[in-house]
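Let's take a friendly walk through this structure together. Please keep the sequence and the 3D view open as you read.

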Amino acid sequence: MPEQDYASPMHSVHAVTSGRRLSRLSGRWLQFCVALLIVATALQLRHAWVALGDNALMQMWTDAVGGRGTPLVGGDARLGWNHLGPWAFYLLAIPYRLLGGSSRGLLVGAAAINITSLVVATRCIRATLSDRAAAIVTGGALVLMLTAQGTRLVDPWNPYIALMPFLLAVVSCWAVCCGQWRWLPWLLGAGSFCVQSHIVFGPPTAVLFAVAFVAIRRGPFEQTRRSISLAGIVALFAWLPPAIDMVLPHRHNVLRVGRFFTSDSPDGQAGLRAGLGVVLRETGLGASWLGSHPGLTWQRQAFDGGLGFGPGLGIVALAAAGVLAWRARNRRLCGLVAIVAALLAVGVVELASTRGDLYPYLFAWVGVVGMLCWMTLLVAIVELLRVPTITDALRGGVVLVSLLVTIGTARSAHPRSPLERPQDAGIVAQLTRATTARLDPRRQYRIVHGFDSYNSIYEHGLAMQLVEHGFDVKVTSDLSVLFGWGLVDNRSANAPGLSVIAPFKGLPSTNGILALNDPLTPAERLEEIRLTILLDAAYRAEGHLDAADVIEHDQDSSVELAGFLAPSDIRQPMLHRLAVLRGRGRPVAVVLIPAPNAAIGP
């Protein structure tokens with residue numbers, strides 16, 4: 001048999017045909033990514049999810065959409081005001097209603113917002129520069145989703161649900177600066193969504209709006225008129241609800257926000273050093289988008305001043321991208337570099353002026369900008385090389401990252417609110433079962449808000465679980481900022497109250513207890529109470545009030561800190577035993593408070 005001639009015309013035609021088929025297949029990389037992300041979302045819905053804390057608050061406000069208490073503002077900031085707008089609730093309400101008011105509708109809604117934002121951002125980058133650039137930035141965004149414990153794709157919490165829309169706002173601004181005027185409405189829509197979801201997106205989004213405004217001003221009016229008109233319509237719809245809130249009596253949320261940020265605060269500002277430190281860490285190899293930041297836990301974990309590994313290397317990468325783009329005279333890449341650099345400067349200023357601690361969710365958007373620093377350098381290198389096979393390799397790499405996101409999401413637990421522990425969902429589920437068995441489904445009940453910062457985690461979860469079970473649960477108007485107007489009914493002031501007490505310091509036989517979750521046995525709980533009373537009294541009698549406060553307030557093994565504040569060989573075994581008991585967990589109870597006009601006694 002003659003040796004095959006690989007240079008023959010027939011073989012060349014076959015090779016070209018195969019190459020075209022491979023190119024068409026790789027050209028569908030975005031569809032493959034979307035399909036995998038949808039699978040990842042479906043895998044998160046395999047098990048029931050109990051929304052607690054801030055996630056339950058998101059569910060409350062979403063549940064109110066379409067009713068008498070339809071929200072006109074954002075969620076509660078716990079500082080006497082709400083975030084600026086309700087569009088996160090409006091969009092989440094669509095899958096929430098389609099799934100029958102299940103809390104899992106929030107997971108689907110968050111995934112839909114993230115996937116849609118990522119797809120539109122990818123198309124924007126493709127139209128502005130190239131498919132290669134779109135694949136690189138999309139891959140970076142997927143890595144960000146993957147490294148956040150696999151839950152960022154479906155996390156409905158307002159600081160995180162706006163991260164992909166923020167990416168869309170950034171690339172839309174870049175497209176407008178490159179003369180792609182049709183992306184102006186997308187910038188207004190995505191930017192407004194971000195600002196309304198959480199106030200921390202205000203300064204960077206304002207900069208994006210300002211940059212786009214300058215670019216539009218320089219463009220020919222005949223070409224920009226239609227885009228400006230569409231953007232105006234988008235802005236009108238986006239900000240109509242907050243505008244209505246401004247004219248209603250006893251609302252005026254925007255004024256409350258303004259008064260807060262213009263008034264003096266007892267909490268000092270974070271300072272320039274902290275703001276610069278966060279930006280350096282988020283642009284380094286120890287950035288949160290690479291999975292290095294521990295995130296929020298029960299122990300407060302705000303920014304500790306550490307710069308991580310390789311701080312600021314992303315800024316060097318961005319500068320290198322700028323040099324490459326300038327030498328290649330690629331004005332579009334230069335524009336992207338300038339926008340990312342401006343956002344880094346805004347991040348330093350905003351975080352430096354933040355009041356109180358810098359928690360991770362306050363600078364989550366800086367992580368997106370840090371990711372863009374590295375992706376911009378990769379884009380600059382790939383655009384300069386212009387090797388045809390790189391495009392297919394990049395497309396395949398993005399699909400591979402999507403597969404990793406799917407696997408990571410499938411293996412991860414459901415999203416949790418700040419301070420929420422893994423066992424809390426089970427605790428609320430048990431409390432709900434016990435409480436519903438003792439309540440009258442024909443009566444109305446009101447939630448009585450506690451004072452412990454941990455109470456609201458259980459209160460929100462219990463309230464929404466009872467609503468899902470068909471009970472009429474309301475709050476009075478003084479709790480509207482915390483629970484939303486959808487649950488407000490001032491007539492409930494005369495209804496029996498439900499109070500979640502955590503930690504519950506009484507005995508299981510206390511009257512009025514509807515449900516109790518206690519990790520200790522009754523004998524162990526009596527021992528814990530006895531030790532608490534004895535140690536607290538002893539420390540106060542000796543004037544060690546700091547040690548007594550530790551005994552009274554610390555709910556885990558850290559109670560042994562009292563032994564360092566007031567050393568005593570006699571009390572050390574008692575402290576150790578108390579630490580063991582407290583470390584097992586704290587009791588949580590649901591207590592029924594009689595109605596104000598209820599008869600007491602015969």
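The structure holds zero disulfides, a disulfide being a pair of cysteine sulfur atoms within 2.5 Å. This is a predicted model, in which local features need pLDDT of at least 70, side-chain atom pairs count only at pLDDT 80 or more, and totals for chains, interfaces and linings use all residues. Residues are numbered from 1 along each chain as its sequence is written, and side-chain values use heavy atoms, with hydrogens and water left out.

Cys373 is buried at 0% relative accessibility, while Cys334 is partly exposed at 28% (buried is under 20% relative accessible area, exposed over 50%, partly exposed in between, with a 1.4 Å probe and protein chains only).

Next, find helix H5 (residues 104-128) and helix H6 (residues 131-147), whose axes come within 7 Å and cross at roughly 155°. That makes H5 roughly antiparallel to H6 (over 145 degrees). Among the residues making this contact are Leu118 and Ile125 of H5 and Val137 and Leu142 of H6 (contact means heavy atoms within 4.5 Å).

Now turn to helix H22 (residues 545-553), where Ala547, Ala548, Val550 and Ile551 are buried. Seen down the axis of H22, the buried residues fall within an arc of 155°, so they line one face of the helix. They pack against helix H21 (522-541), helix H23 (561-565) and helix H24 (572-583).

Finally, Gln423 sits in the loop between helix H17 (388-411) and helix H18 (424-436). Gln423 is partly exposed, at 42% relative accessibility. Gln423 and Gly585 are 162 residues apart in sequence, yet 9.8 Å apart in space, C-alpha to C-alpha.

Methods. Helices (H or I, at least four residues) and strands (E, at least two) are DSSP runs, numbered from the N terminus. The arc is that of the directions from the helix axis to the C-beta atoms. Axes are lines fitted to C-alpha atoms, for helices over the stretch in contact, and angles run from 0 to 180 degrees between N-to-C directions. Angles under 35 degrees count as roughly parallel, over 145 as roughly antiparallel, 65 to 115 as roughly perpendicular and the rest as oblique.
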